[in-house]
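Trainee: I would like to learn how to read salt bridges in a model. Can you take me through them?

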Amino acid sequence: MSVTEGFGVRGLVLLCGPDTPELPGVDLRVERVGSRPGKADVDPLLPEADHLVVVGTDADLAAVVLRLLRKERLTGTTVGYVTTDPDSAVAELWRLPVDPVRALALAVRGDVDPVPLIRDDAGGVLVGSGRIGPVRGVGYCDDDVALRGAARTVEVTPDPDGGAGLVVRVTRGLVFRRPVTFSGRAFQLGCIPAVPEYDGVRHPRPMKRWTWYRHTEDLRLVRGLA
């Protein structure tokens, strides 16, 4: 049974940002919120919905999911996603449609398939792709040394294959060198100050230490066919 066919399920569509177009044929309540919506935008709406459809970018989705985390509503809320970015890392990772009509149909009528939710030690979440680089330092994926020295990029994503939580890809300085891949529950980095990027957003300042790790609760993402 799809999420909106359950008895008493209350659905809500969040259009993120002033330029996000409205979608035709939506039979759920629609609210327009700001880009990367925060507490004032999202929190008053959460008690009114068991199922959210987020229309926007990966950064918008991460902002909404962060509010679910902060309000302890991850377990009780399902989330569908309609990306407005054809290069969305979330859509690629979880094989979601980028066509708005198909994405909306899946987000409203698809099945829930929980996926790992990644947090960072600065209080944020990662739903798609995080990057640091160029970078020089020492990084661990659980107990394995993932980096010692310099790398062109370090990329972290949730694990799409049902592993421990996240996948780390370390690419050294040579242009055509393949990344070395690790998987585990956490990635910890100590480095010469570098700026992390998460879901397309740059951290406001360089960091000497950074950690991404799997949260104890999953994100109840709609991504299966009904």
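Trainee: How many salt bridges does the structure hold?

Mentor: This is a predicted model. The idea is a side-chain nitrogen of Lys or Arg within 4 Å of a carboxyl oxygen of Asp or Glu. The structure holds 7 salt bridges. One of them joins glutamate 48 to arginine 29, at 2.1 Å from N to O.

Trainee: Which parts of the chain does that pair link?

Mentor: Distant ones, 19 residues apart. Glutamate 48 lies in the loop between helix H1 (39-42) and strand E3 (51-56). Arginine 29 belongs to strand E2 (residues 29-33). There is also a network of salt bridges, which links Arg29, Glu31 and Glu48.

Trainee: Which residue forms a salt bridge with aspartate 113?

Mentor: Arginine 223, with the closest N and O atoms 3.1 Å apart. This pair also links distant parts of the chain, 110 residues apart. Aspartate 113 sits in the loop between strand E5 (111-112) and strand E6 (118-120). Arginine 223 is in strand E18 (residues 222-224). Aspartate 113 is partly exposed at 31% relative accessibility, and arginine 223 is partly exposed at 24%.

Trainee: Is arginine 214 buried or exposed?

Mentor: Buried means under 20% relative accessible area. Arginine 214 has 19%, so arginine 214 is buried. Its side chain meets that of aspartate 218 in a salt bridge, 2.9 Å from N to O. Aspartate 218, at 26%, counts as partly exposed.

Conventions:
Residues are numbered from 1 along each chain as its sequence is written. This is a predicted model: local features need pLDDT of at least 70, side-chain atom pairs count only at pLDDT 80 or more; totals for chains, interfaces and linings use all residues. Side-chain values use heavy atoms; hydrogens and water are left out. Helices (H or I, at least four residues) and strands (E, at least two) are DSSP runs, numbered from the N terminus. Buried means under 20% relative accessible area, exposed over 50%, partly exposed in between (1.4 Å probe, protein chains only).
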